Amino acid sequence: MAAALSGPLRPELAQAVSQARVLVVGAGGIGCELLKNLVLTGFSSIYVIDLDTIDVSNLNRQFLFQKKHVGRSKSQVAKESVLQFCPEANIIAYHDSIMNPDYNVEFFRQFTLVMNALDNRAARNHVNRMCLAADIPLIESGTAGYLGQVTVIKKGVTECYECQPKPTQKTFPGCTIRNTPSEPIHCIVWAKYLFNQLFGEEDADQEVSPDRADPEAAWEPAEAEARALASNEDGEIKRVSTKEWAKSTGYDPVKLFTKLFKDDIRYLLTMDKLWRKRKPPVPLDWAEVQKQEENTSDKQNESSAVLKDQQVLNVRSYADLFSKSVKTLSLHLAKKADGEALIWDKDDPSAMDFVTSAANLRMHVFGMSMKSRFDIKSMAGNIIPAIATTNAVIAGLIVLEGLKILSGKIDQCRTIFLNKQPNPRKKLLVPCALDPPNPNCYVCASKPEVTVKLNTHKVTVLTLQDKILKEKFAMVAPDVQIDDGKGTILISSEEGETEANNHRKLSDFGIRNGTRLQADDFLQDYTLLINVLHSEDLGKDVEFEVVGDAPERIGPKPSEPTSRNISNGSDDGAQPSTSTAPEQDDVVIVDSEDEGTSSNADDAENKSRKRKLEKGCECAGAKRSRAEQEQDDLMIVESEDEGASSGLGEENRSHKRKLEEKGCECVGAKSVC
């Protein structure tokens, strides 16, 4: 097959193709198309890695998989399927995370090309660094519904994946989630937190009980305490951790319902100042709710044409669903070994029932219109409709860019955007010249260096390790020493070696304004110098800022928003794998207008960009019309299992701004770079 199809290629290129060793990272939507294209083009030595397993929802577009493969390794099945129509190909499959230390720089150096088909920023960052360290060309790609992008990354020649900062997702203060939700997404995040508090891995940063430390609720403590005691009389609930209390009741659904939707709400009502300019919540009583008729749908849902998951039920039905899901999940938890927990998965019916019912009950309490299971699943799991045609187009472009590299013509490589509509030149595919490396990039610069503003008296060593080095700077196993002339080791990647330092403040080690830290990740062959800028006047909930970036709010992984700062349901950067379970064919939610997604700052920014475009770029009109099309309620921007990272929308806007400043015609496209 490879020999038969090598005819259109020049003999020297055909030989380079047949001898090339290619690594494909990700075997989802783009990955399946890419593997097919590679073998049919004549590539005969292909390595593919993916940690994910096949789900029924993959079958509509990931054509290498069939129903009989559900539950099996994506990479292994993809290999088997490709070999059926190209048996002479040599394909090595790994069911593993690309971030496993086994796949070190030496592993990457054996390849001629690396092609990314990933679904999260953490893995993308890692592969970017490994390819830079190994000096191997990387072809990055992503899809977003009808939109897509392919770009080439080569050390010293082009920008790397991290040359331009990626804005963080929209966040919400923890007190908003716990005390004053005003949008459905607040209630959905709360419900996902509740799942973890009851059945998952308990996290103090994901508390769901009322936040008594809310600075907005400056009520009289003595009076409020009396009211709180009164509010607890019926339920006789002491304010202990949610999980401990739930265990003590044997996960009794009625008692849980009473605590969450009656007692906690009555407690919130004692915080007088919260409700002076807001509509106060209305507690729910289990007995009263049970008097309602069951399964009463809204009038518009009475049509048989409405799918079950798209119906909005009444409070009684959601209360019953809550009770049923609690019983089911508690049984699942009981089957686990001691210390093990359940993991929330959007494809687990019981877990989805729980989040749907809990979120809707909370929406009702706070006077919001309830949402269908379909809508909640879209927001909670960030499910993005996947379009097979987009994947096919992008996979083809990846191979074309690969052929340019193998021809020794990297100067002819382009960033190529696939648009939803033709631009003024009537093109759907728009090429753009590759940008040179950013000399200030903290990854690919000759001596990466960054300045971090933080309060050394408040930030702990553990925060430095987990939130700054691992999450912000995407290190996998950092070692940190203080540049104090003594080489004091602050953090060691060797397990347990510096664990005693974790909860100590940075100032305890003499770290102050002007201190320099050297952070090394030996797996990534990456060293970063960090200049500490001490500050005691950072904004609320902002624990550190990277100078030159937007303020960085410390929070848990974006897929599990924190109680302090809540990510809008995004998984990006949260999972250290090529594709993890629960499956990541979910990306980012572009909120609807009626949920307040457009800020004045965004409007001003758009106007400014529009002026730049109108001066020197014919795509201004196309970009404008595109923005108008994307205002659908809860428009979902799609990322395949291989697709764009979570936070896609913000990343696209960041990349567009860079292009617009250059007057490039490809600003009409939406970038996932």
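Trainee: How far apart are the end C-alpha atoms of helix α12 (residues 315-334)?

Mentor: This is a predicted model, and its helix α12 has 20 residues. At 1.5 Å a residue, α12 should span 28 Å. The distance in the model agrees with that, because the end C-alpha atoms are apart by 28 Å.

Trainee: How many of the 20 residues of α12 are buried?

Mentor: A residue counts as buried when its relative accessible area is under 20%. Helix α12 is largely enclosed by the rest of the structure, because the number of its 20 residues that are buried is 14.

Trainee: What share of the residues of the protein count as buried?

Mentor: The protein has 19 helices and 16 strands. Its residues number 673, and the share of them that count as buried is 57%.

Trainee: Which residues of helix α1 are buried, and how are they placed around the axis?

Mentor: Helix α1 covers residues 11-19. Seen down the axis of α1, the buried residues fall within an arc of 100 degrees, so they line one face of the helix. P11 and Q19 are on the other side of α1, and they are exposed. The buried residues on that one face are L13, A14 and V17.

Trainee: Which helices do the buried residues of α1 pack against?

Mentor: The buried residues in question are L13, A14 and V17. Their packing partners are α2 (29-41) and α15 (388-406).

Trainee: Is Y193 buried or exposed?

Mentor: Y193 sits in helix α7 (residues 184-198). The cut-off for a buried residue is under 20% relative accessible area. Y193 has 1% relative accessibility, so it counts as buried.

Trainee: How far apart in space are Y193 and I177?

Mentor: In sequence, Y193 and I177 are 16 residues apart. In space, C-alpha to C-alpha, the distance between Y193 and I177 is 9.8 Å.

Notes. Residues are numbered from 1 along each chain as its sequence is written. This is a predicted model: local features need pLDDT of at least 70, side-chain atom pairs count only at pLDDT 80 or more; totals for chains, interfaces and linings use all residues. Side-chain values use heavy atoms; hydrogens and water are left out. Buried means under 20% relative accessible area, exposed over 50%, partly exposed in between (1.4 Å probe, protein chains only). Helices (H or I, at least four residues) and strands (E, at least two) are DSSP runs, numbered from the N terminus. The arc is that of the directions from the helix axis to the C-beta atoms. Contact means heavy atoms within 4.5 Å. The expected span of a helix is 1.5 Å times one less than its number of residues.
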